[in-house]
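Please open the model in your viewer and keep a selection panel at hand. The stops below move from the whole chain to a helix, a single side chain and a pocket.

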Amino acid sequence: MTASPPPNGGLDVESWGDPEDPVVLLIGAPERLSGDWRRSVRALVEAGRNVMLTADFDAADDSSAALRRLLTELPSRPAIVCSDTTLDAVAPALAVTGPALASCLVVVAEGQGAVSPELETQLAGVPIQTIARAEAPDAVEAENAALLGFLERHAPRDALHYQAGSDPRTLRDALGCFATGVTVVTTLDEAGQPVGLTANSFSSVSLDPPLILFCLARSSTNVDRFRRAEHFAINVLHIGQQPTSGVFARSQADRFQDVAWETWDTGAPILSGALASFECGTEQIVEAGDHLVIIGRVRRARFEPRRDPLLYFRGKYRRLHFS
């Protein structure tokens with residue numbers, strides 16, 4: 001994350017993310033140095049929010065006045081996130097007649113504090129959510145999920161649009177909204193040497209007969225090898241195999257040099273320790289635009305039920321989160 005100078009209204013303010021994205025204003029000095037809050041900043045930026053963080057904010061009248069000036073300087077109404085310890089200073093800045101200065105307010109309760117009915121009345125027109133901060137190891141992720149869910153309901157981002165014939169990058173970004181697993185697809189070349197590449201365009205097709213598919217760009221250097229292959233394997237990666245995904249996504253002479261693998265009936269490389277592996281016979285190859293759709297009949301499969309998958313979403317690796 002890189003910081004950029006935002007409007008400040010007289011406050012000490014840092015900013016991360018795209019200035020064109022909706023603003024989320026985090027308020028409070030102690031949290032500024034907290035690792036938990038930094039993780040929240042990163043989650044918000046990755047979700048397409050322009051995060052502004054104040055420092056040296058307290059309950060003094062001049063802080064409330066400075067916050068009100070900042071809110072009036074911003075080009076759009078921000079979502080505000082504060083702790084229960086700074087709520088008394090935030091509330092006067094928001095309690096104005098006329099249009100609300102914030103789209104919504106999230107209060108992270110680190111103590112016993114909560115939003116009183118009197119304050120809710122005072123801030124009528126501003127949706128308010130209280131999130132309790134817990135000490136559990138995964139609590140921050142649960143809090144971030146609750147925060148992002150509330151923001152999507154009350155401060156949604158403007159949707160982007162793609163129309164046929166427009167920028168293909170926009171379509172690619174739209175398709176990237178579908179979270180996928182990550183696989184390494186393998187086969188043998190004509191000389192019997194292992195070949196493999198990273199792919200996330202993998203899907204089941206049929207249980208009877210047992211068919212699965214993956215898509216391969218026609219521009220791939222391995223496209224002819226997979227066209228000729230009678231067998232291949234699809235290896236689904238677990239969360240600890242992100243380095244393996246990187247190896248098979250890069251162009252290098254021997255991608256298998258530092259990767260443990262084995263063979264089953266057909267000789268197609270099976271990555272050791274994968275979340276799941278499917279050994280297939282090539283059933284059908286379909287020409288589809290700039291890709292090949294390669295359908296395989298599953299001959300054998302192995303899977304590990306106790307591991308989490310490596311995920312890919314909007315151009316970045318992700319992991320599962322259960323609240």
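A contact, as the word is used on this tour, means heavy atoms within 4.5 Å. The model is predicted, so local features need pLDDT of at least 70 and side-chain atom pairs count only at pLDDT 80 or more, whereas totals for chains, interfaces and linings use all residues. Residues are numbered from 1 along each chain as its sequence is written, and side-chain values use heavy atoms, with hydrogens and water left out.

Of the contacts with a separation of 6 or more, 67% join residues 24 or more positions apart. Buried residues make up 42% of the 323 residues, where buried means under 20% relative accessible area, exposed over 50%, and partly exposed in between, with a 1.4 Å probe and protein chains only.

Next, select helix H8, residues 242–249, in which Thr244, Ser245, Gly246, Val247 and Phe248 are buried.

Now move to Phe202, which lies in strand S10, residues 202–206. Is Phe202 buried, partly exposed or exposed? With a relative accessible area of 28%, Phe202 is partly exposed. Leaving aside residues up to four places away in sequence, Phe202 touches Thr183, Ile212, Leu213, Phe214, Ile234, Val236 and Phe278. Show the C-alpha atoms of Phe202 and Val182 as well: they are separated by 8.3 Å, although the two residues are 20 apart along the chain.

Finish at the second largest pocket, which holds about 790 Å³ of space. On a 1 Å grid over the protein atoms alone, a pocket is an open set of points where a 1.4 Å probe fits, with protein on both sides within 12 Å along at least five of seven lines, and lining residues have an atom within 4 Å of a point. Select Ala43, Glu46, Leu148, Arg318 and Arg319, the closest to the centre of this pocket among its 21 lining residues. Then colour helix H1 (35–46), helix H5 (139–154), strand S17 (311–313) and strand S18 (316–318), each of which supplies at least two lining residues; H5 gives the most, with six. Domain 1 (13–167) and domain 2 (178–318) each contribute at least three residues to the lining, and these domain bounds come from an automatic or database domain assignment.

Definitions and conventions:
Grid points are joined across faces, edges and corners, and a volume is the space filled by probe spheres set on the points. Helices (H or I, at least four residues) and strands (E, at least two) are DSSP runs, numbered from the N terminus.
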